[in-house]
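Open your viewer and get ready to select residues by number. This tour goes stop by stop and tells you what to look for.

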Amino acid sequence: MSKATVVEVEGRKLNLSNLDKVLYPVAGFTKGQVIDYYVRIAPALLPHFAGRPLTLKRYPGGVDQEYFYEKNAPKHRPEWVQTAPIWSHGNNRDVNYVLPNDLPTLVWVANLASIELHPSLSMAKDIDCPTMIVFDLDPGPPADIVQCCQVGVWLRDIFEHFGLHSFAKTSGSKGLQVYVPLHTPTSYDETKPFAHALARLLETEHKDLVVSDMKKTLRVNKILVDWSQNDEHKTTVGVYSLRAKDRPTVSTPVSWEEVEVCLKKKDPKLLVFEAAQVLERVDKLGDLFEPVLKLK
């Protein structure tokens, strides 16, 4: 067991452990590199996470080992880590979620081997009001992200018809996700049926490619338009989060132009981004997801 490294982050002291531990065996990507990525991406990432209840997906042994979801903030947390009590109907009690409001908290979370970060679609202070609608476009093999791009473009066009802007990001795994910022009084009771209706509409218009039902048997070579993420009890992987794949891929904002190029060239590799590439993209392009924070 390697000894802890004490660091100071914005005036907060943190004990970081096992920095040399390889969390991505295929890529040789260490826990120290995971933490370093989150520190560097923090200026783009934190505005999208601050104030939102966070579910941690922890991989203490690495991406090829057992993982677990953690909603309740660990009891051994520093006193400065902010939390929010959110009522859980399933558990019939409050769950104290971490609020990833600042860089020290993000570093502390990363040090728990929380490779994947899954924020709520709502702010903790108004948990029943989602600030966005999300569509998770999930390809059933042999379909891939190229076909997701086609479905994403159809979704974008529908929202443009409504006068609404939508924004795309890779899932960091196999699919594409489309977000529509709302920032207006609403509820999951409104957004979830709306998302479901749109998924069914796409399924009706494009039976050969789109499915809205989760059953695996229906999804072969089709794109599931997963509308069910629009739920206070569910979370979608956050923008700029690492994913627990062979390589340290990231859920990355992409422009609609990039989506269309991927569709035209039929090359899924065009929309795969690893940690170092994402840092370069943000340096060059800024945060392509920034409008999702405010746009109505």
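**Stop 1: helix α4**

Begin with the buried residues of α4, which pack against β10, α3, β13 (210–211) and β14 (223–226). Keep in mind that you are looking at a predicted model. Now show the whole helix, residues 188–205. Helix α4 has 18 residues and spans 25 Å from its first C-alpha to its last, close to the expected 26 Å. Which residues of α4 are buried? Select Tyr 188, Thr 191, Ala 195, Leu 198, Ala 199 and Leu 202. They cover an arc of only 105 degrees around the axis, so they sit on the same side of α4. Next, turn to the face that points away from this buried side. There you find the exposed residues Asp 189 and Thr 204.

**Stop 2: aromatic pairs**

A search of the whole structure finds nine aromatic pairs. Select Phe 135 and Phe 159. Their ring centres are 5.8 Å apart and their planes meet at 55 degrees, so this pair is tilted. Phe 135 belongs to strand β10 (residues 132–139). Phe 159 belongs to helix α3 (residues 145–161). The pair therefore ties together parts that are 24 residues apart in sequence.

Move on to Tyr 179 and Phe 289. This aromatic pair is edge-to-face, with 5.3 Å from centre to centre and 75 degrees between the planes. Tyr 179 lies in strand β12 (residues 176–181), and Phe 289 lies in the segment after α6 (275–285). The pair links distant parts of the chain, 110 residues apart. Both Tyr 179 and Phe 289 are buried.

**Stop 3: charges over rings**

Select Arg 156 and Trp 256. The charged end of Arg 156 sits over the ring of Trp 256, 5.4 Å from the ring centre. Then select Arg 281 and Phe 273. Here the charged end of Arg 281 sits over the ring of Phe 273, 4.3 Å from the ring centre.

**Stop 4: cysteines**

A disulfide is a covalent bond between the sulfur atoms of two cysteines. How many disulfides does the structure hold? The count is zero. Select Cys 148, which is in no disulfide. Its nearest cysteine sulfur is that of Cys 149, 7.0 Å away. Cys 148 counts as buried, at 0% relative accessibility.

Select Cys 262 next. Its closest cysteine sulfur is in Cys 149, at 3.8 Å. Cys 262 is buried, with a relative accessible area of 0%.

**Stop 5**

Show helix α2, residues 103–111. Nine of its nine residues are buried, so α2 is largely enclosed by the rest of the structure. Among them are Leu 103, Thr 105, Trp 108 and Asn 111. What do the buried residues of α2 pack against? Their partners are β1 (5–9), β2 (12–16), α1 (31–49), β5 (54–58), β8 (93–98) and β9 (114–119). Just after α2, look at Ala 113, which takes a positive phi of about 60 degrees.

Now select Val 81, in the loop between β6 (68–70) and β7 (83–88). Val 81 counts as buried, at 5% relative accessibility. Leaving aside residues up to four places away in sequence, Val 81 touches Val 98, Thr 105 and Trp 108.

**Stop 6: backbone in the loops**

Find the loop between β10 and α3, where Pro 142 has its place. The peptide bond from Pro 141 to Pro 142 is cis, with omega near 5 degrees.

Next comes Asn 221, in the loop between β13 and β14. Its phi is near 55 degrees, a positive value in a residue other than glycine. Asn 221 counts as partly exposed, at 35% relative accessibility.

Finish at Lys 266, in the loop between α5 (256–265) and α6. Lys 266 has a positive phi of about 55 degrees, although it is not a glycine. This residue is exposed, with a relative accessible area of 61%.

How values were computed:
Residues numbered from 1 in each chain as written. Predicted model: local features only at pLDDT ≥ 70, side-chain atom pairs only at ≥ 80, totals over all residues. Heavy atoms only, no water. Phe/Tyr/Trp six-rings, centres within 6.5 Å; stacked < 30°, edge-to-face > 60°. Helix = DSSP H or I, 4+ residues; strand = E, 2+ residues; numbered from the N terminus. Buried < 20%, exposed > 50% of the residue type's maximum accessible area, 1.4 Å probe, protein only. Lys NZ or Arg CZ within 6 Å of the ring centre and 35° of its normal. Disulfide = S-S within 2.5 Å. Contact = heavy atoms within 4.5 Å. Expected span 1.5 Å × (residues − 1). Arc of directions from axis to C-beta.
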